[in-house]
Amino acid sequence: SFNPVPPQISTIAFTLDFSNHHAPLTRARSDQTNAPAVRMEITFASHSYSDLPSASMPSTTTASGSSRPIRVIPMQHPNVASSSSLPPNVVLSQWASKLRRMTALEWLEFFLPCYRWIRIYKWREYFQVDLMAGITVGVMLVPQSMSYAKLAGLQPIYGLYSGFVPIFMYAIFGSSRQLAVGPVALVSLLVSNVLGSVADTSSELYTELAILLALMVGVLECVMGLLRLGWLIRFISHSVISGFTSASAIVIGLSQAKYFLGYDIDRSSKIIPLVKSIIAGADKFSWPPFVMGSVMLTILLVMKHLGKSRKYLRFLRAAGPLTAVVLGTAFVKIFHPPSISLVGEIPQGLPKFSVPRAFEYAESLIPTAFLITGVAILESVGIAKALAAKNGYELDSNQELFGLGVSNVLGSFFSAYPTTGSFSRSAVNHESGAKSGVSGIVSGIIITCALLFLTPLFESIPQSALAAIVISAVIGLVDYDEAIFLWRVDKKDFLLWTITSTMTLFLGIEIGVLVGVGASLAFVIHESANPHIAVLGRLPGTTVYRNVKQYPEAYTYNGIVIVRIDAPIYFANISYIKDRLREYEVVVDSSTRRGPEVERISFVILEMAPVTYVDSSAVQALKDLYQEYKLRDIQIAISNPNPDILLTLSKSGLVELIGKEWYFVRVHDAVQVCLQHVQSLKPGYESSQSSRSSSSEDKPSIFSQLFKQRESRTTTDLESGNGRPPLAPIRDSQSEPLLPKER
């Protein structure tokens with residue numbers, strides 16, 4: 001008798017293939033054409049099962065009377081009593097012990113993220129590049145901040161105030177070393193759009209509301225950062241953000257047209273009122289501001305293009321706004337054109353400490369505070385993460401959100417309106433070689449010097465020059481390349497982009513964002529409620545099972561349906577999953593099926609490796625499905641559920657209901673067991689079994705069995721197609737021990 005050595009971790013099965021058994025065994029030959037082929041199948045088992053042969057391994061009796069074991073890796077079922085979740089007091093104690101283990105250094109880094117780069121800062125190597133980067137961004141920030149303040153409906157001085165305290169606070173509490181914080185165009189447009197309907201832009205209330213909004217945004221960002229709720233914004237897709245920013249950029253550009261045209265236009269966040277207002281006032285058109293604005297815009301775009309396309313000229317990108325301001329101011333000082341409007345008087349000195357007022361309007365500002373916070377998370381945190389990856393350090397998005405919140409809260413006490421990370425200035429900061437927050441501190445010093453000494457020079461800056469700075473900055477936000485890319489790659493995302501941009505242009509910013517987010521969530525819900533479900537087939541020459549639509553050469557077995565569910569199973573999609581399972585039971589492709597000829601489906605194998613979660617509704621639906629199948633003599637088999645899924649099924653009693661013997665580690669294990677049962681369902685099986693048992697007394701030796709004629713039926717024949725030719729030729733039959741060698 002042949003008794004294999006019990007394996008400890010794996011089972012190795014050797015099969016002797018005497019394909020050319022007419023050649024004498026004693027004859028040695030140099031070529032191995034007639035040599036017996038030794039094939040090896042390795043089935044790995046868990047370390048928990050050191051005595052694998054002792055596990056139940058059903059066997060299949062062949063037509064020749066031989067017995068071939070089906071090697072099935074035993075499923076380790078969880079102990080429901082010992083697998084209960086930890087009580088809250090244990091979780092709290094673990095959290096408290098983790099806090100107690102934190103060192104003083106870790107606490108310091110937690111509250112002051114700047115300490116992470118301070119303690120490794122190389123002054124001789126980093127300070128020079130940080131100094132140059134800070135000066136470059138500071139020179140860029142001074143004119144931009146005044147331009148964005150005008151876009152927000154505020155006096156230019158409040159743009160400088162917003163670039164003063166927040167930039168210092170972020171250098172201390174922010175975790176990004178290259179992010180440039182300050183006023184940005186999109187947030188300025190949101191401030192103008194909301195506050196314009198509450199107060200007049202020339203009133204003191206308007207300014208107080210803008211400062212109060214900075215406090216609310218800061219508090220909201222701090223709370224979300226501390227509670228680690230930044231993940232909520234992940235539900236807004238990139239196509240929605242791209243469509244929103246593209247439409248907002250167009251609205252921003254049109255809102256600045258009044259400084260080019262020389263006459264006032266209606267303040268609106270919708271494109272139709274803006275266009276109507278521009279057309280209605282065409283008779284008031286003035287050439288001097290239009291020519292100056294166009295020349296400044298051309299200079300800015302040329303300098304930006306040269307700075308991007310040529311590395312040795314990259315300083316031009318940052319110097320563009322300052323160049324426009326200097327040239328415009330020089331032109332006004334020399335020629336004194338009366339038709340060109342100027343910035344006017346700007347207060348000199350640093351902002352004074354003051355507590356935000358007008359709290360009675362806070363409730364009406366809550367939606368805008370949430371919207372600005374969402375923009376901060378999507379834009380600033382996204383930029384910060386990208387820069388951190390490029391510079392080789394880790395960044396915590398929640399810590400980053402907290403740092404932005406602190407800079408807004410403290411900035412609101414020094415007359416700042418909402419600020420966030422700027423894409424253009426951060427890119428310039430990175431390209432200039434910034435290594436740490438020192439560059440941000442240098443930029444803050446530039447703003448401080450401007451507030452203390454340079455404000456008298458800003459009085460003669462043309463409004464058209466500031467408008468050109470804004471337009472040149474937002475032109476890059478019109479992301480038509482993204483729209484073309486989405487059209488080629490994913491029409492659904494292109495539809496989201498189109499819906500969001502169209503709604504933002506024609507119905508306003510708030511409605512555009514709400515519709516875009518709603519559409520994004522609707523797509524997410526639809527995908528979740530209608531998950532991808534695949535029928536699996538076996539790839540020839542392997543024990544691997546894949547989607548039959550993706551791999552047409554994969555074959556299935558008569559009487560067995562293998563289904564893979566590629567999503568969590570919960571109340572919203574269980575009905576869809578049940579409907580698809582019923583379809584697969586009825587609609588089968590007989591051209592790719594192998595195995596014993598049976599008339600109906602007897603087994604449904606659910607491959608649950610991709611399933612990450614099962615709720616109570618899904619468990620109850622699976623129970624109903626089991627009972628429904630039971631009435632039609634169909635057995636469910638579960639393959640490869642993860643430990644959490646298996647624990648849920650055990651607690652609900654579904655494991656006992658279906659039977660532990662119908663839970664498998666691999667799809668192939670389930671197929672082998674099901675094939676054995678399918679063979680027993682074929683007509684004539686009972687009589688053949690009785691005839692075999694009557695002749696089993698004279699059991700032939702193992703070598704006699706190996707030399708039997710090839711027409712004898714074995715479990716291998718069942719798995720490979722019941723004697724029918726394979727669908728695709730198997731080049732290397734020895735790569736799959738369970739398939740017969742090609743004849």
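I started at Phe235, which sits in the loop between helix H8 (204-226) and helix H9 (238-255). Helices here are DSSP runs of H or I with at least four residues, strands are E runs of at least two, and both are numbered from the N terminus. This is a predicted model, where local features need pLDDT of at least 70, side-chain atom pairs count only at pLDDT 80 or more, and totals for chains, interfaces and linings use all residues. Residues are numbered from 1 along each chain as its sequence is written, and side-chain values use heavy atoms, with hydrogens and water left out.

Buried or exposed, or partly exposed? I found Phe235 partly exposed, at 40% relative accessible area. My cut-offs: buried is under 20%, exposed is over 50%, partly exposed is in between (1.4 Å probe, protein chains only).

Next I looked up an open sheet of 6 strands, ordered E8-E7-E10-E12-E13-E14 with mixed pairing. Its edges are strand E8 (545-547) and strand E14 (663-664), each pairing on one side only. Two strands pair if DSSP finds at least two bridges between them. I checked E12 (603-607) against E13 (635-639): they run parallel over 5 bridges. Glu607 has Ser639 in E13 as its bridge partner.

Helix H22 (574-586) lies across strand E7 (533-538), strand E10 (560-565) and E12, at about 40° to E7. Axes are lines fitted to C-alpha atoms, for helices over the stretch in contact, with angles from 0 to 180 degrees between N-to-C directions.

**Arg600**

I then moved to Arg600, in the loop between strand E11 (593-594) and E12. Arg600 is partly exposed, at 41% relative accessible area. Which residues does Arg600 touch, leaving aside neighbours within four places in sequence? I got Gly559, Arg632, Asp633 and Ile634, where contact means heavy atoms within 4.5 Å.

**Whole chain**

I noted 29 helices and 14 strands, and 48% of the 743 residues count as buried.
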